[in-house]
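Me: I would like to go through this structure term by term, asking each time what lies behind the word.

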Amino acid sequence: MQIYKFNSILKPILWGGDRLVTFKGLPPRDEAIGESWELSAMPGRESVVTVGDDKGMTLSQLVHRYGADLVGENVSRRYGDQFPLLIKLIDARRDLSVQVHPDEAMAHRLHGCSGKTEMWYILEADEGAVIRTGFSRSITAEEFDRRLAEGTILDIINETPSKPGDTFYIPAGQIHTIGAGNLLLEIQQSSDITYRVWDFNRRDAAGNLRELHINEAREALDFNAHDGYVDYMAAPGNGITPLVKCREFEVSRLSFDDGYSLAMPRPHSFVVLMCVEGMLSLHVDGMPDTTLSRGETALVPAVAEGIEMTGHAQVLLATVPTIDN
């Protein structure tokens, strides 16, 4: 086994821009790129190993081959041969649609897949950029319908100015939208189920209004007041700052100026490392060394005892926590 690096899956979207290719150091493109899928086991959009003995294998094939040695005993018990996380970079040159995602029960009942809880970590933000998430006050389904008809749904959604390093947690059922001018990292359950509520009356390349999913959204929505912003104190100098911990994932930010030794949560879970600033080298006993540059992601198997990092970098770490039930 090895430290795994994968191809980036670039997704052209009408609200995307050119910041993703710049952030990742890729050649310029003519089309607007809205998303870069960095770690995915979604059918049709699977991450593929780019180096090493397992080069050319998809993420799902890795899970089938190595099982708990790769994903960890806890993850294997909970998810079987399904990789539980999907990690993306998102460039919102324009506002994204107002939307909501279903919880586990609804997603399994209607789509036969996982629900979608997610978090966002802001990488870059233009002056005036905002994140909108959670109703600012509790509302009824009747008011929801009325505001959609009036085009005033944004008036009752929290709006928070965004800046690099901000973290937002969006559980399934919470209304949300990414405002224009944000470049962010998204960590979520392995699901692509989205119910659009409002899309600013935009039209696609063929001139058609984009599809909305009002009935499904009404069932999925939590109409109670929520604030999705996660405030935290940045760790001074080298160190780990916890960001989000929920049933689906646990995410921290690691900063270091020279090096850092990270203990693995073995044998329970893999660790995903996402470099958001700088560059680092990774060493795991018994595995070939590798490097990570800004915008790159690596998957460290659960069998690793620890990770030695050298360089100057900020890295986000994602694992799947152990739960009692």
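**Cavity, pockets, contacts and sheet**

Reply: The lining of the largest cavity consists of 6 nonpolar, 2 polar and 2 charged residues, where Ala, Val, Leu, Ile, Met, Phe, Trp, Tyr, Cys and Pro count as nonpolar, Asp, Glu, Lys and Arg as charged, and the others, Gly among them, as polar. This is a predicted model, in which local features need pLDDT of at least 70 and side-chain atom pairs count only at pLDDT 80 or more, while totals for chains, interfaces and linings use all residues. Residues are numbered from 1 along each chain as its sequence is written, and side-chain values use heavy atoms, with hydrogens and water left out.

Me: What makes this space a cavity, and which residues line the largest cavity?

Reply: On a 1 Å grid over the protein atoms alone, a cavity is a set of points where a 1.4 Å probe fits but cannot get out, whereas a pocket is an open set with protein on both sides within 12 Å along at least five of seven lines; a lining residue has an atom within 4 Å of a point. The count comes to 1 cavity of 30 Å³ or more, and the largest cavity has a volume of about 50 Å³, a volume being the space filled by probe spheres set on the points, which are joined across faces, edges and corners. Its lining residues are Phe23, Glu38, Leu89, Leu185, Met274, Cys275, Val276, Gly295, Glu296 and Thr297. Strand 19 (residues 271-283) gives the largest share of that lining, 3 residues; helices (H or I, at least four residues) and strands (E, at least two) are DSSP runs, numbered from the N terminus.

Me: Which residues are linked in a network of salt bridges, and which lie closest to the centre of the largest pocket?

Reply: The network links Lys11, Glu35, Arg45, Lys88, Glu186 and Asp192. The largest pocket holds about 430 Å³ of space, and of the 23 residues that line this pocket, the closest to its centre are Lys11, Glu35, Gln99, Asp192 and Thr194. By class, the lining of the largest pocket has 6 nonpolar, 7 polar and 10 charged residues.

Me: What makes strand 8 and strand 11 a pair?

Reply: Two strands pair if DSSP finds at least two bridges between them; strand 8 and strand 11 (residues 167-170) are joined by 4 bridges and run antiparallel, so they count as a pair. Tyr121 has Thr167 in strand 11 as its bridge partner. Both strands belong to an open sheet of 7 strands with antiparallel pairing, in the order 2-3-6-13-8-11-15, and the edge strands, strand 2 and strand 15 (229-230), each pair on one side only.

Me: Why is Ile122 called buried?

Reply: Ile122, which lies in strand 8, has a relative accessibility of 1% and therefore counts as buried.

Notes:
Salt bridge = Lys/Arg side-chain N within 4 Å of Asp/Glu carboxyl O. Buried < 20%, exposed > 50% of the residue type's maximum accessible area, 1.4 Å probe, protein only.
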